[in-house]
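Here are my notes for your reading of this model. Please keep the structure open while you go through the points.

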Amino acid sequence: MLEKLQQMEDNYRMMQEKMMDPVIMSDNEKYAQLMREYKHMQPIMEKYQAYQKAEADYQEAKELLEHESDAELCEMARVELEDSKERIETFREELKRLLLPKDPNDDKNVIIEIRGGAGGEEASLFAASLYRMYTMYAESRGWKQEVLSANETELGGYKEISFSIMGEGAYSRLKFESGVHRVQRVPETESQGRIHTSTVTVAVLVEADDVTVDINPADLRIDVFRASGAGGQHINKTESAVRITHLPTGLVVECQDERSQYKNKDKAMKILRSRLYEKMQEEQNAKIASERKMQVGTGDRSERIRTYNFPQGRMTDHRIGLTLYRLEDIMNGNLDEVFDAIATADELARLAGQQEEA
């Protein structure tokens, strides 16, 4: 690990020099790429420098103890020796976490698909609540969002909705949201005041580009039809809605939100590309992790990952045993505490996996 850190420190200094080079500064693309790499390395290097300082303090205190006869100075050296030893261990563990392989998709945009599951209209209404929660979180981070496809219900819920969230680190924060979300509350349509349990499925996809996923046009069947919606909304007289079928995999994507057939086709292709990319990733991950069950982030959509209990104001994430009694705050998009806890659990699981392999 220390050898790797020394190499990184050498590269880090070279990057600092390059960033001052007028030729690179004038090339926006190169400079932006360099800045991204520099920002990624910065927290690691800052921690490594703190580790080096603790090591130097330890050696200095050790030498003082070996050569000093003054009792007071020796006591001070012993205290410094113990303190620096603790700091070395702490920084070593933190560096191990910082050096874990970074998910190459972490900085990418995402497409989130939310579908009402068991529970009928109540599930659709909760799908709308989750859509609001995620978009409020995106807004708090300064990210942009765009609805790609939506199937609304009479009462303002969603049978399903697909939307993109665009911003730096979007995937890194949202990637663990895939799975079944369970809600326990008294539905607005319930006159007896009984608590109902409903489910909603969430899928978080990397927004894949043309380079990432190569789609052969011959593999697509594209159908156009007239758009329709809840209560007659969005009905138009032209065939602007688009359905794309990817013949080799059987994946089907529909989009009818826009008045323009071209825009609907463009949005449908964006969703299809991301679903195909996810399928490719799942196949790769199945090969890599076939013998090891991941603790967090399996991406299994049948897995119940979280329960939102409204009568108790409680949210429980079942994967990591986290329970918070501030449900209203969470539903208003204040999700950082939840996301931080899940990311930490994932890091610890990967560290344990590395130690097992070692």
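1. Two strands count as paired if DSSP finds at least two bridges between them. The model is a predicted one. In it, three strands form an open sheet in the order β6-β7-β8, with antiparallel pairing. Because β6 (220-225) and β8 stand at the edges with a single partner strand each, one side of each has no neighbour in the sheet. On average, neighbouring strands of this sheet are turned by 15° against each other, direction ignored.

2. How many bridges join β6 to β7? There are six, and β7 covers residues 241-246. The two strands run antiparallel. Leu220 stands opposite His246 in β7.

3. Next, a pair of helices. Two packed helices are described by the angle between their axes and the distance between the axes. For helix α3 (residues 28-67) and helix α4 (residues 71-98), the angle is about 155° and the axes are 8 Å apart. Angles over 145 degrees count as roughly antiparallel, so α3 and α4 are roughly antiparallel to each other. Their crossing is left-handed. The residues of the contact of α3 with α4 divide into 18 nonpolar, 10 charged and one polar.

4. β2 (144-152), β3 (158-166), β8 (251-255) and α7 (261-288) are the elements that give two or more residues to its lining. Which of them gives the largest share of the lining? That is β8, with four residues.

5. The lining of the second largest pocket has 14 residues, and Ser149, Asn151, Glu160, Glu254 and Cys255 lie nearest the pocket's centre. By type, the lining residues divide into six nonpolar, four polar and four charged.

Definitions and conventions:
Residues are numbered from 1 along each chain as its sequence is written. This is a predicted model: local features need pLDDT of at least 70, side-chain atom pairs count only at pLDDT 80 or more; totals for chains, interfaces and linings use all residues. Side-chain values use heavy atoms; hydrogens and water are left out. On a 1 Å grid over the protein atoms alone, a cavity is a set of points where a 1.4 Å probe fits but cannot get out, and a pocket is an open set with protein on both sides within 12 Å along at least five of seven lines; lining residues have an atom within 4 Å of a point. Ala, Val, Leu, Ile, Met, Phe, Trp, Tyr, Cys and Pro count as nonpolar, Asp, Glu, Lys and Arg as charged, and the others, Gly among them, as polar. Axes are lines fitted to C-alpha atoms, for helices over the stretch in contact, and angles run from 0 to 180 degrees between N-to-C directions. Angles under 35 degrees count as roughly parallel, over 145 as roughly antiparallel, 65 to 115 as roughly perpendicular and the rest as oblique. A crossing is left-handed if the near helix is turned anticlockwise from the far one by less than a right angle, and right-handed if clockwise.
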